Amino acid sequence: MNWVGRTFEAEVGPVAHGGHCVSRVEGRVVFVRHALPGEVVLVEVTEDKGGSYCRADAVRVLEAAEERVEPPCPLAAPGLCGGCDWQHATPEFQRELKARVVAEQLSRLAGIEWPVEVEALPGGPLDWRSRVRLVAGRDGRAGLRAHRSHQVVALDDCPIAVPGALDPVLARRWRPGTELEVTSDGDGRTHLRELSVVRGKRRAKQLSGGIAVQHAAGRDWKLDAHGFWQVHPAAADTLAAVVGEWAKAPQDALVWDLYSGAGLFASVLASQVGPRGEVVAVESGRRAVADGEAALADLPQVRWRGGRAEQVLPGLPGRPEVVVLDPPRSGAGREVVESIVERAPARVVYVACDPAALARDLATFAGSGYRLAELRAFDAFPMTHHVECVALVVPENVGGSGHDADRGRT
């Protein structure tokens with residue numbers, strides 16, 4: 001029997017990866033959004049594809065958790081904008097929920113028991129999102145889609161976006177279905193690109209700006225405004241500092257920077273290995289490689305290799321002392337991890353935007369004689385369920401870096 005539209009009371013259980021909590025009703029798992037662990041809520045089922053679980057929204061809170069607050073955005077509610085997941089929780093509790101998720105993923109997918117703390121970045125939980133993709137609804141107003149839906153929820157404002165960045169988009173009407181990419185760069189300039197489908201072909205039109213200026217790792221970067229860069233204004237500097245601290249690349253060494261983007265981490269590694277060392281930066285995006293080559297033209301020790309990591313790595317010569325990787329949300333995958341461990345680097349620094357993908361790759365590292373030595377997690381996406389992690393991975397027989405070397409083993 002399909003439960004869509006059914007309402008019932010539910011006791012809310014633990015948080016789960018994806019911005020919801022778990023409840024159990026009549027032998028089925030119910031993934032409940034807009035709830036917090038320990039609450040009693042009235043839920044309405046929104047999706048049911050049969051099987052052992054369904055999805056629901058908490059449409060009324062009967063017994064609230066202490067950490068519940070009024071969302072700062074009226075659209076952060078059942079059936080409305082799907083851009084945020086945790087506006088109904090205090091910022092401190094949001095970070096606690098994310099820490100629980102990271103720890104659960106490490107335990108379940110990698111067999112690693114690890115105490116996790118999610119650290120706040122400077123600037124607070126609002127006004128941080130520097131990159132937003134919107135879509136025009138049937139009435140031509142720009143907005144964001146509802147959760148797991150094509151429905152467009154029109155915006156008048158967005159409290160997590162950089163103030164003023166969305167004003168040029170929200171002030172006018174657009175052709176229905178048009179997608180709009182907005183980037184606010186490090187100098188506070190707004191860049192706007194329109195994406196549309198005309199006669200079956202996808203077209204991009206730059207309406208303002210196009211070359212973003214960013215500032216991180218002690219350098220100024222000129223980049224494609226809509227290419228990859230950290231969304232939170234404080235994230236690039238924060239992650240670069242941790243990568244540098246844990247990489248500890250020796251002078252004159254060979255190191256790899258995989259999924260390098262425009263070379264943020266490569267710039268840090270280059271300063272460590274010095275002019276007689278070598279940093280091999282591997283990146284599949286042609287524009288990112290071009291931007292990186294221009295940005296790091298003063299660092300000839302950075303050598304660029306364009307292409308997918310799994311295709312490039314087998315042909316790279318030498319044994320890297322350090323490997324840094326920042327893969328997409330799906331993770332590096334077994335093929336890339338095995339290519340890394342075949343070269344036996346002394347240290348691997350893994351930057352991850354998805355804890356499940358990180359855990360899966362850590363399990364692969366563990367199967368090849370490497371273990372987790374350090375982990376830090378950052379709330380680089382406040383109000384959402386996303387979290388950024390940095391992990392230090394070392395050979396099994398190598399001690400930790402200032403901590404108990406046996407911590408985290410199972």
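A polar contact here is a pair of N or O atoms within 3.5 Å; within protein, one atom must be able to donate a hydrogen and the other to accept it, and residues adjacent in sequence count only if both atoms are side-chain atoms. The model you are looking at is predicted, so local features need pLDDT of at least 70 and side-chain atom pairs count only at pLDDT 80 or more, while totals for chains, interfaces and linings use all residues. Residues are numbered from 1 along each chain as its sequence is written, and side-chain values use heavy atoms, with hydrogens and water left out.

**View 1. Glu-181 and its arginine partners.** Start with Glu-181, which lies in strand S11 (residues 179–184); helices (H or I, at least four residues) and strands (E, at least two) are DSSP runs, numbered from the N terminus. Its side chain makes a polar contact of 2.2 Å with the side chain of Arg-133, and another of 2.5 Å joins the side chains of Glu-181 and Arg-193. At 9% relative accessibility, Glu-181 counts as buried (buried is under 20% relative accessible area, exposed over 50%, partly exposed in between, with a 1.4 Å probe and protein chains only). Leaving aside residues up to four places away in sequence, Glu-181 touches Val-132, Arg-133, His-191, Leu-192, Arg-193, Leu-195 and His-226; contact means heavy atoms within 4.5 Å.

**View 2. Ser-267 in helix H4.** Ser-267 sits in helix H4 (residues 264–273) and is buried, with a relative accessible area of 7%. Look for its side chain reaching the backbone oxygen of Leu-264 at 2.6 Å. Not counting residues up to four places away in sequence, the neighbours that Ser-267 touches are Ala-217, Arg-219, Trp-221, Leu-296 and Leu-299.

**View 3. Helix H8 and its surroundings.** The 13 residues of H8 (residues 355–367) reach 18 Å from the first C-alpha to the last, close to the 18 Å expected at 1.5 Å a residue; the expected span is 1.5 Å times one less than the number of residues. Asp-354 caps the N-terminal end of H8, with a side-chain oxygen 3.0 Å from the backbone nitrogen of Ala-356. After H8 comes Gly-369, whose phi is positive, near 90 degrees. Buried residues of H8 include Leu-358, Leu-362 and Phe-365. The buried residues of H8 pack against helices H1 (91–110) and H7 (334–342), as well as strands S20 (347–352), S21 (370–379) and S22 (388–395).

**View 4. Cys-353 and Cys-389.** A search of the whole structure finds zero disulfides, a disulfide being a pair of cysteine sulfur atoms within 2.5 Å. Cys-353 is in no disulfide, and the nearest cysteine sulfur, that of Cys-389, is 9.5 Å away. Cys-353 is buried at a relative accessible area of 15%, and Cys-389 counts as buried at 1% relative accessibility.

View 5. The structure has five aromatic pairs, where rings of Phe, Tyr and Trp (its six-membered ring) pair if their centres lie within 6.5 Å; planes under 30 degrees apart count as stacked, over 60 as edge-to-face and the rest as tilted. Trp-3 and Phe-8 form an edge-to-face pair, 5.7 Å centre to centre with 75 degrees between the planes. Trp-3 is buried, with a relative accessible area of 6%, and Phe-8 counts as buried at 9% relative accessibility. Arg-6 lies over the face of Trp-3 at 4.5 Å from the ring centre, and Arg-28 lies over the face of Trp-3 at 4.7 Å from the ring centre. A charge sits over a ring if NZ of Lys or CZ of Arg is within 6 Å of the ring centre and within 35 degrees of the ring normal.
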